[in-house]
Amino acid sequence: MASRLLSRHFYGVTGSKQFLTRARLQRSLATLSSIENQYAPGTRVHGYTVKRTKQIPELELLAVHLEHEKTGAEHLHVARDDKNNVFSIAFKTNPPDATGVPHILEHTTLCGSEKYPVRDPFFKMLNRSLSNFMNAMTASDYTFYPFATTNQVDFANLRDVYLDATLHPLLRQLDFTQEGWRLEHADPKDASSPLTFKGVVYNEMKGQMSDSSYLYYIRFQESIYPSLNNSGGDPAKITNLTYDQLRQFHAKNYHPSNSKVFTYGNFPLEEHLQHIDSTFSKFEPTTGELDIKHPIALNETKRVVMEGPIDPLADPARQYKTSLTWFMGPTDDVYEGACLRVIASLLTDGHASPLYKALIESDLGTEYSPNTGLDTSSPVNIFSIGLQGVTKENLSVVEETIRSVIQKTYDEGLDLNRVQAILHQTELSRKHKVANFGMNLLYSLTPGWFNAVDPLEMLEWNSVIARFQEDLKKPRFLESIMEKYLLGGKPSFVFSMVPSETFGEDLKSEEEQRLNGRIAKLTEQEKKDVYELGLSLLAKQEEKEDLSCLPTLHVEDIPVASAIDALEHTTTSADVPVQWRITPTNGLTYFRALASLQDLPQDLHPYLPLFAESLTNLGTKSRSMASLEDEIKLKTGGISASVQVNTLPTDMDTWNLGMVLTGHSLDKDVPDMLRLLTILLLETDYDNHEKLRTLIRGMASGAADAIAGSGHSYARGVAASVMTPASRLSECLAGIEQVKFIAQLDSCDDASLPLISAKLKEVAAYAISNSSLKVAITCGGDAVAANDEAVAEFISGLPTAVTPQSLVPGRASGLTAFVPGVLPQKMFYSMPFQVNYAGVCLRGVPYTHPDGAALQILANLLTHKYLHGEIREKGGAYGGGATYSGTGGVFSYYSYRDPHPLNTLKTISRAGEWALQNSWSERDLEEAKLSVFQGMDAPQSVASEGMIYFLHGIDDDMRQARRRRLLDVGIPAIKDVAEKYLVGKDNETSVALLGTTQDWISTENKWRIEDAGALNSWAAAAAAVTAADLAVEEDLEVPLGFEEVAEESEEESLGK
């Protein structure tokens, strides 16, 4: 469950059409017409009246807008030939203060209801379902509860649980104290242990406040939108919320009259309405809490300055953030909103945008501020332009520059060629098939729907585009809108955040004073009550529950055979293998190329992420990146480069390292796409030091925030780095070591830039050739011949390596710095966070090993049956669990936003023995399998089809064998792998902890302590480039670094 301030609108419909043959398309539209006739306006069905219907042919959907007759609840149904059906119930929840009552209520409603009076039915349903999405989210002024599933029985089960949870929650005081906040002894069983604040949301928001980007954004929102308090909750205010206030807020806001229900997909509307009406009709209508809040009145320019934290990984002199904001009319004018989005994009997006050039390329700052862009989620369009990584001296310069650039752009006129590129991107986005179209639609429509924007009008994209094309013929059409809102002395809102060296200490001190003040007011009886409440909560968390009231699917509902993507394989005249996935793609071609980097010298490995980014950021000697980017947007849906490392499915000590090139375009534009890719590969100007400096600075900016947002993944990656050579190799590519490496490059002076350029040229010599390449194409059958010709021409245009690159996977011995078995390891990284992130790893088995399936099921069992209760419910962390990387062969434990990491590590150390001694039931096993198959069988985008084989070498036989093993895992196998891989493995365990310094972390306790701002020997060796190094560095032997461990859902998907 995540609290997200969804105040940013998901602009437009970012999904796509279903990819249908012409015959299927005709049948689909005929079906929609039949549904439209069935639900004509005024039709009454199961307690509802149809208000309007609207068929949107370009999206192959029919929208039906209904109203519940008794309560007035709105219902929007989107009928579409899509098996991935979506449900959401949402409530208007304007926060009355900053105590986080909407957020805490979101958590607490899911802790048991009248029909399902078990502890936490939401989490219990996670492994009794085949849903591919389940969540609950708190936005700035509404709260919504969505799920997605392809199974109709599953849909009905989850719909019933969600409706009962939101409308009939038990809202027990113990649930409030667990999820919200409580005063409790550090050890609930020891009345002499110190009292402290605990609570899941309380610790979640402490973690959020450690993210300087989030802090900037939320303080900006609070300043410009004081009528909408912080819905997530400010930790300093959360402890003011009472249990009675929570119940009152629910009674006032969680009512059908205050709700909006969204359903999507190919399940019948009539069944939805019948079941929802049976719940809603029991309520009497109310006036609801549909009040729409507005931002401050901007009659004159206003300025606000606040303090924020220092980023220890950034330049100490560039710690300032600032932004300018304008109001740009009401959001219920959907057409003008679309025009404003075009203007915002022209001003800020990409290398060709005037503000990017003036603010970022000029080195006034490192990247845009978190609030930059057009926010259409409120009743007023809010347009902000800002910068972070600014020096104190340049704060006023940034403001002057923004105003002057807008004026100059208006005077000279907007580039209409770039407008056409934006429209082309829009066309491609509507054609591009995504598996989560329904969820994207929900995210897109809900903010406006709660702010009186017509949801049906938001769907009519073609009519908006047609009108826009006509208006674009008018002289200076877009410039007139700029003048209306941005020029002529229009008032603005200037918000700045200045660094405070004592910010973290001030937060800690404030919490201590607040805690001590509350303790000082306690009577002796109240102290006893606190102790008894802690014991009561502990007893509740430990009690065994009867879950038979909860609905569930069964293992028999899981298909025995996995879906197979038919692939074809050819070889070009240059002996380059090509994989073909021929399937309906709605006129798009998807291209991927994988260039092997097995022979790349180790000292060049840390430069790979920078090299990949350089290809799409530096430009060439004859063309600027701005010019290239404009053509890329006109001809393609985007071109990108990334680095990949993985293990061989049959051997954990074998690794593959490569660069992945990706792009997609209309079929007719494939030759242009590949021509542009060739230009980027062969002509990129690595000596463009000005752009290189900008790129490095942008990559380094916000590094601490990235770790704060995904600290558990970084911790697991550090811990995994001594488990396999691939994990160690990948550490330098995507984790803490890469973060520190880029930070070190950013700290280098300009005299070092030629040396960095030389490194990138060395990488290019290894990466760019047709000798180590393989290609994958996904397209329709009618595009195969033309694509075959275009691919052959692309490959022939690449150089042939003087020394052919190795396509043979590497072995552990090939990484001189990797020494398997250097264990146990305990690493601590000091970070400026209020909470901690833990990762603990053990070595598992290769993908094809029979024990891998049981390890994956065991990880799920430990998460849901042991770790969740101990780490989250009792320990107060926002999350905790276990995951098994089937492709990487590493078993991991983790905690997220954790206030009690020592207790977590103790809990983890007991997990293997607990699994071995626990009396598992067949029901436990079934639930774990259902949970694992949620990810494996989730719908995938057409672009992903065949990629598991292409990128990971996992063929259909391997996938089917693993699927069969997962279905066949029994209780004896669970105990066997627990004993074999987890029990008694203290000396084979790797631990990593990120966060605040703890008394028990010391070198005497065998912890290796690192400061996040300092580089270890590997990064220092890689970054300290000198002219002498350039001549001899191929012979250097330097250790390698970090792999960001995939989330469990990603791993399960790879298990396909």
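Visitor: Which residues does Phe 280 touch, leaving aside those up to four places away in sequence?
Guide: This is a predicted model. In it, Phe 280 touches Tyr 48, His 68, Thr 71, Ala 73, Ile 89, Leu 163, Leu 167, Pro 256, Ser 259 and Val 261.

Visitor: What makes Phe 280 stand out in the largest nonpolar core?
Guide: The number of other members touched. Phe 280 is listed with Leu 66, Phe 87, Ile 89, Met 134 and Tyr 145 as touching the most, in a core of 78 residues. Helix H4, residues 152-167, supplies the largest share of this core, seven residues. A second, separate core has 63 residues, among them Ile 639, Leu 695, Leu 745 and Val 763.

Visitor: Why is H31 called roughly antiparallel to H32?
Guide: Helix H31 (residues 851-874) and helix H32 (residues 901-909) pack at about 165°, with axes 10 Å apart. Angles over 145 degrees count as roughly antiparallel, so H31 is roughly antiparallel to H32. Their crossing is right-handed.

Visitor: What makes the contact between them?
Guide: H31 brings Tyr 866, Leu 867, Glu 870 and Ile 871, and H32 brings Thr 904, Thr 907 and Ile 908. By class, that is four nonpolar, two polar and one charged.

Visitor: Which residues of helix H22 are called buried?
Guide: In H22, residues 625-635, they are Met 625, Ala 626, Leu 628, Glu 629, Asp 630, Glu 631 and Ile 632. The label requires under 20% relative accessible area.

Visitor: What covers them?
Guide: The cover over the buried residues of H22 includes helices H12, H14, H23 and H24, and strand S21.

Technical notes: Residues numbered from 1 in each chain as written. Predicted model: local features only at pLDDT ≥ 70, side-chain atom pairs only at ≥ 80, totals over all residues. Heavy atoms only, no water. Core = buried A, V, L, I, M, F, W, Y, C linked by side-chain atoms within 4.5 Å. Buried < 20%, exposed > 50% of the residue type's maximum accessible area, 1.4 Å probe, protein only. Helix = DSSP H or I, 4+ residues; strand = E, 2+ residues; numbered from the N terminus. Contact = heavy atoms within 4.5 Å. Axes fitted to C-alpha atoms, helices over the stretch in contact; angles between N-to-C directions. Parallel < 35°, antiparallel > 145°, perpendicular 65-115°, else oblique. Left-handed = near helix turned anticlockwise from the far one by under 90°. Nonpolar A, V, L, I, M, F, W, Y, C, P; charged D, E, K, R; others polar.
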